[in-house]
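Open the model in your viewer and keep the selection panel at hand. The tour below goes from one selection to the next.

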Amino acid sequence: MKSLAVLGSTGSIGTQTLDIVRENPEKLKVKLLAASKLSQKLIDQIKEFKPEYVYLAQKEEIEGVKVFSGENGLQEIASLDIDLFINGISGIAGIKPTYLLLKNNKKLATANKEAIICLGEVLKEKYSEIFPIDSEHSAIFQSLQAGKKEDVKRVILTASGGPFWNKKNLENVSINDALNHPKWKMGRKITVDSATLMNKGLEIIEAHYLFDIPYSKIDAVIHPQSVIHGLVEFKDGSVISQLSCPDMRIPISYAISYPERWETGVKRLNLFEMGKLEFFKPDEKRFPLLRLAKECGEKGSFYPTVLTVADELAVEMFLMGYIKFTEISQIVERILEKADFKKPENYEDVIFIIEETKRIFKNLYKTVGGKIA
C-alpha cells in the first residue's frame with residue numbers, strides 16, 4: 001500500500017489523481033489532501049478518501065482530521081512520512097511546497113512547471129529524483145530509458161497548438177475562445193498558456209532543468225492530434241517516442257506506479273481511427289511568447305523566474321477582461337525589459353525576484369474602469 005499526498009486536490013491534476021486512487025484501492029491510500037480553501041468539493045473528497053491530514057491556506061476545523069495551515073503548516077506537511085507527494089498546485093503558489101519537499105528529500109511527482117523553472121537555478125541537483133506529470137515530460141522521461149543520456153541527439157516536445165495554431169488574426173480572440181482547448185481539459189491558466197504557446201516555451205525550460213539537456217538539443221513541434229507526447233532522438237538515428245490518447249491520467253498513473261505500470265480506465269489508442277498524424281513548425285512571429293521563453297531559458301539567471309511571474313500576471317489580466325489576448329506577450333516583454341536582478345543563489349533570492357517582478361508589474365499597469373492605464 002503506497003501512501004499519497006495530493007496537493008491541489010480540487011484542481012484538474014488533483015481530481016484526476018484521485019481517479020487513479022479509485023481504480024487502485026488495494027494499492028493506494030490518500031494520507032493528505034491539500035487545497036487553498038475549504039470547499040464542498042474538498043469536503044466530499046475528505047468523506048470519500050478519509051485522509052489523516054488536510055492542509056488549507058487558512059485555518060479551519062474539520063472533525064476527525066488533523067488540519068495544517070499557513071506557512072508553518074507547509075513546513076509540517078513537508079516532514080510527514082508519506083511515500084509520494086503529488087503537486088497539482090497551479091502557478092507560482094506551488095513554489096514553496098516544491099522547495100520544502102525537495103529540501104526534505106521527499107518523493108515528488110509534479111505538474112507544477114512554474115516551481116521547476118523558478119527553482120531551477122538553485123535546486124536542480126535534486127531534480128533527478130522528480131517524477132514529471134506533464135504529459136510531454138513524462139513522455140521524454142519514458143523515452144530516455146531507451147538509451148544512454150550521452151547518446152541523446154535531440155529532445156522534441158510536441159504541442160497541440162491550442163485553438164489558434166493555424167488562426168491568422170488573433171486580435172479579437174475572446175476569453176471563451178482561448179479557453180476552448182481542442183484536446184485537453186486543464187485549468188484556466190495553463191489553457192491560456194497553451195493558446196499563446198507560452199506553455200511550450202515553459203516546458204522547454206522545464207525539460208532543460210529536469211533532464212539536464214542543453215537548449216541546443218531541445219525542439220518543439222506543433223502536433224494537433226496530441227497523440228505523440230514527446231520524442232527522443234539518439235545519435236544512431238533512432239527516435240523513441242511515447243504515444244497515447246490525450247488523457248492526463250496516463251502520466252499521473254505512471255508517476256505513481258513507477259517502475260510498474262498499472263491498468264487505467266482511459267481510452268485506448270486506435271491507429272486506424274487516427275488516420276493521420278501531422279506536424280508543423282511553430283510560428284514564433286504570431287506566438288512571440290515561445291521565442292521569449294527560449295531566450296529567457298538561454299539567458300538563465302533570473303530571466304526564467306521573471307518570465308514565469310510576468311506571464312501569470314498577464315494571463316490573469318486577460319482572464320479578468322482587462323487586456324486583449326495579443327497584449328499578454330506585450331506585457332511579458334515589457335516586464336522583462338525592466339527586470340534586472342542578480343543570479344539567484346538560494347530560495348530567498350527566488351522569492352525576492354518574484355516579489356520585485358510583481359512590483360514592476362504594478363508600477364507599469366494599473367486598471368482604471370476595466371482598462372490598462
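Start with helix H1 and colour Ile13, Gly14, Gln16, Thr17, Leu18, Ile20 and Val21: these H1 residues are buried, meaning under 20% relative accessible area, where over 50% is exposed and anything in between partly exposed (1.4 Å probe, protein chains only). Helices (H or I, at least four residues) and strands (E, at least two) are DSSP runs, numbered from the N terminus.

Before going on, some ground rules. This is a predicted model, in which local features need pLDDT of at least 70 and side-chain atom pairs count only at pLDDT 80 or more, while totals for chains, interfaces and linings use all residues. Residues are numbered from 1 along each chain as its sequence is written, and side-chain values use heavy atoms, with hydrogens and water left out.

**Stop 1: helix H1**

Select residues 12-23. H1 has 12 residues and reaches 17 Å from its first C-alpha to its last. That is close to the 16 Å expected at 1.5 Å a residue; the expected span is 1.5 Å times one less than the number of residues. Now show what surrounds the helix. The buried residues of H1 pack against strand E1 (2-7), strand E2 (28-35), helix H2 (40-49), strand E5 (84-87) and helix H11 (249-257). Contact here means heavy atoms within 4.5 Å.

**Stop 2: the seven-stranded sheet**

Seven strands form an open sheet in the order E4-E3-E2-E1-E5-E6-E7, with parallel pairing. Strand E4 (66-69) and strand E7 (131-132) stand at the edges with a single partner strand each, so one side of each has no neighbour in the sheet. Two strands pair if DSSP finds at least two bridges between them.

Zoom in on E5 and strand E6 (residues 108-110). Three bridges join these parallel strands. Pick phenylalanine 85: leucine 108 in E6 stands opposite.

Helix H3 (residues 70-77) touches E1, E2, strand E3 (53-56), E4 and E5, and its direction makes about 120° with that of E4. Helix H4 (residues 95-103) touches E1, E5 and E6, at about 155° to the direction of E6. Axes are lines fitted to C-alpha atoms, for helices over the stretch in contact, and angles run from 0 to 180 degrees between N-to-C directions.

**Stop 3: the four-stranded sheet**

Move to the other sheet on the tour. The open sheet of four strands has the order E9-E8-E10-E11 and mixed pairing. E9 and strand E11 (239-243) are at the edges, each with a single partner strand, so one side of each is left without a neighbour in the sheet. Neighbouring strands of this sheet are turned by 20° against each other on average, direction ignored.

Select strand E8 (residues 152-159). Six of its eight residues are buried. E8 pairs with strand E10 (residues 228-234) in the antiparallel sense over five bridges. Five bridges also join E8 to strand E9 (residues 218-222), and these two run parallel. Click isoleucine 156. Its bridge partner in E10 is leucine 231; in E9 it is aspartate 219.

Step across to E10 and E11, which run antiparallel and are joined by five bridges. Valine 232 stands opposite isoleucine 240 in E11.

Now show the covering helices. H7 lies across E8, E10 and E11, running at about 35° to E10. H10 packs on the sheet, touching E8 and E9, and its direction makes about 150° with that of E8.

**Stop 4: serine 143**

Which helix holds serine 143? Serine 143 is found in helix H7 (residues 135-144). The residue is buried, with a relative accessible area of 1%. Leaving aside neighbours within four places in sequence, serine 143 is in contact with Gly230, Val232, Phe234, Ile240, Ser241 and Gln242.

**Stop 5: H9 against H10**

Select helix H9 (residues 188-196) and helix H10 (residues 198-211). Their axes come within 5 Å and cross at roughly 95°. That makes H9 roughly perpendicular to H10; angles of 65 to 115 degrees count as roughly perpendicular, under 35 as roughly parallel, over 145 as roughly antiparallel and the rest as oblique. Show side chains: Lys189, Ile190, Asp193, Ser194 and Thr196 in H9 meet Met198, Asn199 and Leu202 in H10.

**Stop 6: threonine 264**

Finish in the loop between H11 and helix H12 (271-274), where threonine 264 lies. Threonine 264 is buried, at 16% relative accessible area. Not counting residues up to four places away in sequence, threonine 264 touches Glu23 and Ser253.
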